[in-house]
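Student: I have a structure to read and some questions about it. Could we go through them one by one?

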Number of protein chains: 2
Amino acid sequence: MSSSSTLRIALDAMGGDFAPQNEVAGAILALRELRTSEEVVLVGDAHRIEPLIVGKTSGTYSIEHATQVITMEDSPTAAVRQKRDSSLAVGMRLHQEGKVDAFVSAGNTGAMLSASTLILGRVANVSRPTIGTFIPAEHGVCLLVDAGTNVDCRAQHLYEFGVMGSIYFEKIQKKKNPTVALLNVGEEKSKGTEVVLEAFEKLSQSKLNFIGNVEGRDILKAKADVVVCDGFVGNIVLKFGESVPGFLRSRLTDVANRSILNKLAVGLAKSSLRKALGDLDPNVAGGVPVLGVNGVAIIGHGSSTAVGIKNMILRAAEVARAQLNKHIEAALAESVGASQPVN
Amino acid sequence: MSSSSTLRIALDAMGGDFAPQNEVAGAILALRELRTSEEVVLVGDAHRIEPLIVGKTSGTYSIEHATQVITMEDSPTAAVRQKRDSSLAVGMRLHQEGKVDAFVSAGNTGAMLSASTLILGRVANVSRPTIGTFIPAEHGVCLLVDAGTNVDCRAQHLYEFGVMGSIYFEKIQKKKNPTVALLNVGEEKSKGTEVVLEAFEKLSQSKLNFIGNVEGRDILKAKADVVVCDGFVGNIVLKFGESVPGFLRSRLTDVANRSILNKLAVGLAKSSLRKALGDLDPNVAGGVPVLGVNGVAIIGHGSSTAVGIKNMILRAAEVARAQLNKHIEAALAESVGASQPVN
C-alpha cells in the first residue's frame, strides 16, 4: 500500500461498454462511500473524463491521461504489448510502480488477465493466477474457482486454486477457515479424472478445511464455501447458470400464452422470480480479483452500470486492505517443499 | 431382432427404488400401447411378480425367474460378476442370447453400464460406449453426450460421441442430419483444452453436420441438436441443472415469507413454474440407451414411476426398431481408416 492510512484505487475509465460515462459516474458514487483519505485515479482520455466529473464530487480524485483504448475486439495479449498507452496498460503500470494500491477495469477481460500477469507478475509460489466467482446459493454463497481462466490444469494448479480461494473467501465473506471441496462426478474418493484424483490427495494433505468431493447439484446449495475445478468446467457451469433466467422467462412466456389466467399468474411469477434472483445481477457482485498476481487487479462485467463500477472500486479497496497476497504467499510457502509451483 | 414382426422387451422387474410394484405396473401400461405382436418379459422373483400382473393385462407377457437383486449400494462391476442370477444379469444375458430384443432397467446405473459392455460387448469400431441425455431447451431439445459415463476422454472418444449422438438424435427426434457441436469455453476454433482442440479437428473433417463450438449458455437454447463433451463435464452440467428447480423453490419461499402479498404471488409463481418445467421430469424422458453396445440396453431413473417405466419400455421398442447399431457401425467404419478406435 502507498501508505498505511491512504488508499489509491485506479480505474480504467475507458473500459466497459458504456465508458467513460458509467465509469466516471461509478467513481463519483464510490467517492461518497470511500474513507476521506482514500482516492480514485481515473485513467483514460482526460478531455472526455474531465467534463463528466468536474464539480460533481467533493472526494479526492485525479486523472491520469492515456491516449489509447483496448477494445473488446482486441486480442488480449497482443493489445497489452502493442497499446502501451492504453488506459488499461497505463493503469496497470501505475499499480506496478506502487503509485496506486489497486487497479479496476470493466474492459477486455482477457487483456486484464494478461496485463495483470505480465505487468504485475505472480505472487511467489503461485503457478497460475486464477479467478473465482461468488455464486449466490440457497443460503449464503459459494466461491467457484477457477471460473474460466485456466482450461488445462494439473493437480498442483487445482490445489493452489483451493488455497487462494480459501483465503479470498475468508477475507471477503469474513468466515474463518471456510470449507473447501473438489467439484467431481461423485462424492466417493475414487471418483474423477486422473488429475482430479491427484488433486484430491494434495487437498487432503493440506491445512485447508477440505471436505472432499461435491457434485454439480451441490453448488447452488453451497455445500462447500469454496468449490475447486479447472477453468474449462468452471466456465461451462457459470455460463450454463447465466442462461437459466432467460430459459425460465422463455418457458413462462409459453405458459402465459396458453390462457388469460396463465398470463396473470405468469406476470406475478416473473416479478417474484426477479425478487428471488436479484443478487444474480453481476452489478451487485462488484467484480472479481485476479488471485495470485502481485497486486490488486479487479475485473468487472463489460456491461457494468455506474453502481456496478462503484461496487468494483469498493471491492478493490476491501481486497487491498485485506492484503490477500501476503496470506497467499505464506500459505503456499508451507507446502512448497513438497510441491513446487508448475507451469 | 428375434423376428421381423415381433419385438420382445425384457424388463428388470426388481430394479428401481419401488420395485417390483412400479415395474410391473409400468409393464401393464406399456402392454396397452405396444403393438399386439410385441411382448414384455418380466425378469425377477416370479413369486413377487406374478400376483401383481395375473389377470391385469390382455397383452402378451412372460416371467423369467431370477433369484438375486443388484441393489443401489452394490459395486457395479463386482455385482455383475458375482450376482450371476440377479434380474439385471439374467435379463442382459437373455438379450445377449437373442431371446429378447432389448433390456430395460431402472436399477443400479453403474451395473447396467458394466453389464451392457461386459455381456453385450461393443459395436464394431466403437472405442467407448456412451450415454446421451435429452435436455429440454427453450425450443426443442438438445442431446448432451457424454452425460457422465466416461470421465477421462481422448479426442477420438469425443468424435465417436458425436457420431453416436447424431444417429441417436436423428432416429428418435426424426430430424435428418442434426447439427453437432463441441461444448467449449468460447466459439472460436482456438479455444479449449488440448483434447478439445484435437476433437474439433476430427469433427470438422467428419461427415457430421458439425457447426463448431458452443458455450455453456447455448445448451438451454439448443443452439446445436447434439452437444458433445466428456462425461466429467456432462455429469456436472446435468447435476447442476437438476438442482436449479430446488434452488428456485427455496429462493421463492424466501420471497414469500417477506409478506402476505408475496405469498400469493409466489404460490402462483410456483404453479406456473411447474407448468413451464413439466418436461424436466425424468419420467417423461423414458430412460436412455447405452450407445455403442451390441444391443439395446435402456437405463432409467431409480425413482421411476409406473409411467416412467412404461415410457422406458416404449423407448426401448423405438430404439430396437430404429436399428441404431447398424448405423453406428457403418458411420464409424467410414472413418476407421484414419482414426482407429482407442481405449
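Student: What is the average pLDDT of chain A?

Tutor: The model is predicted, and pLDDT is the predictor's confidence in each residue, from 0 to 100. In chain A, 96% of the residues score at least 70. The average pLDDT of chain A is 92.

Student: What rotation superposes chain A on chain B?

Tutor: Two copies of a chain are related by a rotation about an axis and a shift along it. Here the shift along the axis is 0.0 Å, and the superposition has an RMSD of 0.0 Å. The two copies are therefore related as by a two-fold rotation axis. The rotation is 180 degrees.

Student: Which residue of chain A has the C-alpha nearest the axis?

Tutor: The axis is that of the rotation that superposes chain A on chain B. The nearest C-alpha in chain A lies 1.8 Å from this axis. It belongs to A:Ala269.

Student: Is A:Ile260 buried or exposed?

Tutor: A:Ile260 is found in helix 9 of chain A, which covers residues 260-276. Together with A:Leu261 and A:Leu264, A:Ile260 makes a nonpolar surface patch of about 380 Å². Exposed means over 50% relative accessible area. A:Ile260 has 66% relative accessibility, so A:Ile260 counts as exposed.

Student: How many residues apart in sequence are the parts tied together by A:Glu201 and A:Lys189?

Tutor: The side chains of A:Glu201 and A:Lys189 meet in a salt bridge, with N to O at 3.6 Å. A:Glu201 lies in helix 7 (residues 194-204) of chain A, and A:Lys189 in the loop between strand 7 (179-183) and helix 7, so the pair ties together parts that are apart in sequence by 12 residues.

Student: Is B:Glu215 buried or exposed?

Tutor: B:Glu215 forms a salt bridge with B:Arg217, the closest N and O atoms being 3.4 Å apart. B:Arg217 counts as partly exposed at 31% relative accessibility. Buried means under 20% relative accessible area. At 9% relative accessibility, B:Glu215 counts as buried.

Student: What is the relative accessible area of B:Lys223?

Tutor: B:Lys223 forms a salt bridge with B:Asp218, the closest N and O atoms being 4.0 Å apart. B:Asp218 counts as buried at 6% relative accessibility. B:Lys223 is partly exposed, and its relative accessible area is 42%.

Student: How many salt bridges does the structure hold over all chains?

Tutor: Some salt bridges share partners: they join A:Arg35, A:Glu38 and A:Arg321 into one network. Over all chains, the number of salt bridges is 32.

Notes
Residues are numbered from 1 along each chain as its sequence is written. Chains are lettered from A and ligands numbered from 1 in the order in which they are written. This is a predicted model: local features need pLDDT of at least 70, side-chain atom pairs count only at pLDDT 80 or more; totals for chains, interfaces and linings use all residues. Side-chain values use heavy atoms; hydrogens and water are left out. Copies are superposed by least squares on the C-alpha atoms of residues with pLDDT of at least 70 in both. Patches are made of residues with over 30% relative accessible area and no salt bridge: like charges are joined within 9 Å, nonpolar side chains (Val, Leu, Ile, Met, Phe, Trp, Tyr) within 5 Å. Accessible areas come from the Shrake-Rupley method with a 1.4 Å probe; for residues, only the protein chains shown count as cover. Helices (H or I, at least four residues) and strands (E, at least two) are DSSP runs, numbered from the N terminus. Buried means under 20% relative accessible area, exposed over 50%, partly exposed in between (1.4 Å probe, protein chains only).
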